[in-house]
Amino acid sequence: MRARHAPLLATMLSGSIERPVPNWFSIISPAGTREQLVRQSRSDDHLCPAPDSLPPALAGSHWRMLAAGVRNWSQQDPDRRVLFVQLLTQLGFHDTVAELMPRVTVRADDPTGQQLAFEVARSGRLLDRKSKAPLRVFEWLADRADHPALRVSSAIQLASALTRAHRDHRAAITWIRRADQEDVRLRTGPDWLWHLLRSRRHRVAALIAARGGEHGRGAEEMRSALEHDERLADLAHDRLTRHYRRENRALVIEAFLKLDTITGRDSAPAGIAESAAQVDAYDPDLHFTTGSYLAARERWDEAQVAFLASATSGTIRGAVGAFQAGLCLQRLGRPDAARRAYRLCLDLDPVSISAAERLSAGATS
């Protein structure tokens with residue numbers, strides 16, 4: 001999904017398509033994601049701590065545009081700054097974002113500056129999850145941002161951060177309610193945006209409920225998230241809105257699969273595991289989550305297929321997927337295939353002790 005975000009943002013920056021600011025991507029890359037992928041693909045020449053340190057021979061036109069934008073940051077207009085920060089976060093360059101924007105100043109009557117602060121705060125959260133500085137930015141925006149969608153998005157970010165990193169479920173619920181207070185104003189905008197943000201709101205509310213032990217409530221919230229996503233599908237009419245819907249669908253399905261895996265219940269719609277691959281055939285997290293869901297139901301053959309699909313990504317998640325595929329294949333009484341899965345795990349992650357032990361101990365026989 002991130003591999004689709006980045007080119008889309010680059011075409012906005014290049015002027016090939018309209019560059020709407022604000023725009024509402026949800027996924028951004030954790031720090032180190034790109035480095036991890038480069039190393040595992042044995043393409044170390046592409047390693048670089050910042051965009052302008054990539055060897056010129058390897059830099060395509062969009063990459064050169066990104067590097068030039070970082071070098072000439074002070075000359076960029078406000079809209080371009082928002083897009084550059086979004087592109088940097090897709091690639092995991094959170095250190096670069098922090099260097100460009102060491103301090104975030106949010107002002108009233110500056111909608112573009114508020115959007116920039118939101119994007120920088122999201123990046124800051126991934127750079128240091130213990131820092132409360134991004135939460136202060138989200139709190140200001142949730143209270144005072146000009147755009148109702150930005151107020152709602154900031155409240156959702158707060159709710160997610162408080163329940164994930166700080167385990168403060170009560171405070172998280174408060175921010176979900178704050179997001180709900182903006183519903184009337186949000187309805188004055190595009191219908192697709194209302195459904196997108198309502199789906200995100202319900203998905204985070206489901207996480208809060210599940211972490212608080214309210215599994216039935218969590219399933220209820222996830223069903224609402226899925227309903228809004230289905231309405232979004234009817235309204236996605238251009239490249240950008242279709243992209244939002246595809247991203248949101250992947251996140252909703254993944255969250256639903258995780259919820260049912262954790263609780264051992266079947267609250268998701270029938271066929272949800274099968275629909276996951278149709279959403280994104282290459283998403284390692286989605287495949288891995290599907291494999292975990294199927295394995296929890298002892299559907300070992302289907303699970304190993306999903307885990308091996310995750311392994312094709314060449315990421316650390318893919319390495320774990322290969323190992324889990326090996327476990328499933330053992331259960332199916334297929335030792336040769338299990339050994340191949342463990343060797344694939346070691347190829348993707350040469351320090352995987354578990355895979356090495358399985359092979360050396362002959363556990364697959």
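Predicted model: local features only at pLDDT ≥ 70, side-chain atom pairs only at ≥ 80, totals over all residues.
**Cysteines and helix packing**

Residues are numbered from 1 along each chain as its sequence is written, and side-chain values use heavy atoms, with hydrogens and water left out.

Taking a disulfide as a pair of cysteine sulfur atoms within 2.5 Å, the count comes to 0. Cysteine 328 is in no disulfide, and its nearest cysteine sulfur, on cysteine 345, sits 13 Å away. Cysteine 328 is also buried, at 3% relative accessibility.

That residue belongs to helix 17, where Gly318, Ala319, Gly321, Ala322, Phe323, Ala325, Gly326 and Leu329 are buried too. Helices here are DSSP runs (H or I, at least four residues), numbered from the N terminus. The cover over these buried residues includes helix 15 (284–296), helix 16 (300–311), helix 18 (335–348) and helix 19 (353–360), with contact meaning heavy atoms within 4.5 Å. Just past helix 17, glycine 333 takes a positive phi of about 70°.

Towards another part of the chain, Met65, Leu66, Gly69 and Val70 in helix 3 meet Arg80, Phe84, Leu87 and Leu88 in helix 4.

Definitions and conventions:
Buried < 20%, exposed > 50% of the residue type's maximum accessible area, 1.4 Å probe, protein only. Helix = DSSP H or I, 4+ residues; strand = E, 2+ residues; numbered from the N terminus.
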